[in-house]
Amino acid sequence: MKSTTGYVGLTISILLSSSGLTTANETTLEQAPVASKSAAAIKMSENAPVQIIISRKDQSLRVFRGNQEIAKSKVSTGKRGHTTPTGIFSILEKRKRHFSNIYNSAPMPYMQRLTWSGIALHESNSVPSYPASHGCVRLPRGFAKKLFSLTERGAHVIIANRDATPQQIQHQMLFQPQEVDVSDKLSGLDPSLMNPVQGLGKITLLSDRPAQDDVAHLVAKRMNQFNEIKKSKKPLRIFITRQARGNLVREIQVTLNTLGFDAGTPDGRVGKATNAAVRAFLASKQGSIEARMYGTTPRINQALLDQLYQAAGKGKVPTGHLFVRHNFKPLFDAPIQISNPDTPLGAHLFTASASDVNEGQLDWLAVNLGDKFSQDLQSRLGVKQAKEDTGIVASTDVLNRITIPDNVRAQINHLIKIGASLTISDRGFSRETTDVGTDFIVLTKPSIPTRAVAKTKNTVKRKAVAARNSATERKVAAQKAKKSAKPKTQTIFSFFKKKKSSS
């Protein structure tokens, strides 16, 4: 066991690893596409994770273990005005007996919760062939019980407008188990922001005497936490998205503090201290080329961060961010690089299962969803998406654009196991993602409006009525035509013609 003093000598790079990327610790991916594995090359393990894919268009649900379909059923999703959201979810809670706290205590047997705002899978006596619920996904009686027995908390559920199937994929950006010493590669060890880890018992890496060095204390806590995670059966949840404004502001604050301009506690919010630090930094640059390019008016944007990174010698400005959760709780996060930031990422879910080909390694499956952006959202995200674009992006193309720092990759590889997942989205995780109690919940906007692809109760009725009316109208019209038909008028010429032919 390493002593506490062994951690005191850690370099300051540990503290800085979460606030930026350096050219020395980046792993650059080959840009050539990597071919997916053929179905014959892999036999998915029997303990592959279970995931559920629901199609609003087909009003159907399919259950997969790995890439093998193990169950299927019809469903009924939310009707107009209560549309079931599309996106990537996890099962947060399971109850055999449950009653709605929104709709008059309506019974919801075999309930499997997807959001804390009220979306769930549950049994129902009414599962027609069209959307009819108030937002939940209704399941037929026998199937709801069967599905309840197949899933566990944390299992992924994808709700899309179209049907989808997990596809095997191989790419060097995807994580693989690796036993390495990560004590000098930890991310996010900021003593001013780090909260104590709860529920881990005594920290065995520390002596009974409180540590005098904050960094050593935090390193010991994090390593103890990692050891607990490795013993746990719960897998990691990893999420990659664009650098959000809050993260950009925090990076600006961290870098200003590093340069000696007091921006206060890095909290991702623009306050008086941050604005004063920005003004002081710009004043120090008056007359320089950077000042002429940027101007002297404080603006919290990417251009300012570019200047600060250049002044601090920190290399490239991060264009993306990676978050890690375990057992519905945040673990750590770190900035990353995403190339071609003006190109959409799409929405993707990658899940890991044990490889039967390479012992100790993971095989990965990919599902990608369509995600369309409004003009306003395109402007806020800084992306361009053509009107005719379906919003579906090839998974391999997205993975080729991502660069993860070596220290961040080492930590994930140290903890990765069967059942882990990686989610990628332009939008970031939604408001349904709470501080604790959820995985990363990502909402999408389908490429085709719901009313254009899914049958509704009204359209089914209208079509049936129209068909009956059409048949009735044709019958009535035929009868009228028969009644109104006039007998042929017999002229003198036809009378003599008839008489002549009869003789």
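User: Where is Gln59 found?
Analyst: Gln59 lies in the loop between β1 (50-55) and β2 (60-65); strands here are DSSP E runs of at least two residues, helices H or I runs of at least four, numbered from the N terminus. This is a predicted model, where local features need pLDDT of at least 70, side-chain atom pairs count only at pLDDT 80 or more, and totals for chains, interfaces and linings use all residues. Residues are numbered from 1 along each chain as its sequence is written, and side-chain values use heavy atoms, with hydrogens and water left out.

User: Is Gln59 buried or exposed?
Analyst: Gln59 counts as buried because its relative accessibility is 6% (buried is under 20% relative accessible area, exposed over 50%, partly exposed in between, with a 1.4 Å probe and protein chains only). Its phi is near 50°, a positive value in a residue other than glycine.

User: OK, switching to Gln112. Which side chain does Gln112 join in a polar contact?
Analyst: That of Thr151, at 2.5 Å (a polar contact is a pair of N or O atoms within 3.5 Å; within protein, one must be able to donate a hydrogen and the other to accept it, and residues adjacent in sequence count only if both atoms are side-chain atoms). Gln112 is in strand β6 (residues 111-113) and counts as buried, at 0% relative accessibility.

User: And which residues of α6 and α8 meet?
Analyst: Val278, Phe281 and Leu282 in α6 meet Leu304, Gln307, Leu308 and Ala311 in α8, contact being heavy atoms within 4.5 Å.
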